[in-house]
Amino acid sequence: MPGTMTAGGKTPPPILATFEDALAKFPDGYVGGYFGGRPWGVTVKRSEDGKRIWLYGEELSGTDIVSFNLYRLAEPGSILKPCEMSSAKVIEFVLGFEPSIEKAASRK
C-alpha cells in the first residue's frame, strides 16, 4: 500500500528505528518548534495502550502541514500511515524538527 512503511518494507530498518527514536522524544500534547528554519506547531497524541501515535504539525508562518498515524504491530515492527503525503516527508519532518528551547527545557 502506498505510504505504508514497515520494518520489512521499503524503508531500511535503521531509518525506521531512527525515526521511531526521534518520534519518542516528542512530548504528548502541543509543542512549538522549528523545521527548515520556519516556526511550526505540533500536536502529538498517544493511545493509552501505546499502540498508536498520531501527529499533526502545521507551519505557523505558511500553509504546509505534516500528519500521520504510527501503529505498533503485535509482531516486531510498525506501520506508518501518512495522511495524504509521502512517508519520506513525514520521516524528514520528524528527524528535522527542533522543539523550542522553552518547551525542551521543561521536559528535562
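## A tour from the hairpin to the aromatic rings

Start by selecting Gly36: in the hairpin of β1 and β2, which has 2 residues between the strands, Gly36 takes a positive phi near 60 degrees. You are looking at a predicted model, where local features need pLDDT of at least 70, side-chain atom pairs count only at pLDDT 80 or more, and totals for chains, interfaces and linings use all residues. Residues are numbered from 1 along each chain as its sequence is written, and side-chain values use heavy atoms, leaving out hydrogens and water. Helices (H or I, at least four residues) and strands (E, at least two) are DSSP runs, numbered from the N terminus.

**The sheet**

Now colour β1 (residues 29-35) and β2 (residues 38-46), which run antiparallel and are joined by 7 bridges. Pick Val31 and you will find Val42 of β2 opposite. Two strands count as paired if DSSP finds at least two bridges between them.

In general, strands of a sheet pair through backbone hydrogen bonds, either parallel or antiparallel.

Go to β6 (residues 98-99) next; this strand pairs with β1 in the antiparallel sense over 2 bridges. Gly33 stands opposite Pro99, and the bridge partner of Tyr34 in β6 is Glu98. Step on to Ser100, in the loop between β6 and α3 (101-106). Is Ser100 buried or exposed? Its relative accessible area is 17%, so Ser100 is buried (buried means under 20% relative accessible area, exposed over 50%, partly exposed in between, with a 1.4 Å probe and protein chains only). Not counting residues up to four places away in sequence, Ser100 touches Gly32 and Gly33; contact means heavy atoms within 4.5 Å.

**Helix α2**

Select Ser87, Val90, Ile91, Phe93 and Val94, the buried residues of α2. Looking down the axis of α2, you will see that these buried residues fall within an arc of 165 degrees, so they line one face of the helix (the arc is that of the directions from the helix axis to the C-beta atoms). Turn to the other side of α2, where Ala88 and Glu92 are exposed.

**The core**

Which residues touch the most other members of the largest nonpolar core? Among its 22 residues, they are Phe19, Leu23, Leu55, Phe68 and Phe93. Such a core is a set of buried Ala, Val, Leu, Ile, Met, Phe, Trp, Tyr and Cys residues joined through side-chain atoms within 4.5 Å. Centre the view on Leu55: leaving aside neighbours within four places in sequence, its contacts include Leu23, Val42, Phe68 and Phe93.

**The aromatic rings**

Finally, show the rings: the whole structure holds 7 aromatic pairs. Rings of Phe, Tyr and Trp (its six-membered ring) pair if their centres lie within 6.5 Å; planes under 30 degrees apart count as stacked, over 60 as edge-to-face and the rest as tilted.

Phe19 and Phe68 form a tilted pair, 5.8 Å centre to centre with 55 degrees between the planes. Phe19 sits in helix α1 and Phe68 in strand β4, 49 residues apart. Both Phe19 and Phe68 are buried.

End at Phe26 and Phe97, whose ring centres are 5.3 Å apart and whose planes are at 25 degrees, so the pair is stacked.
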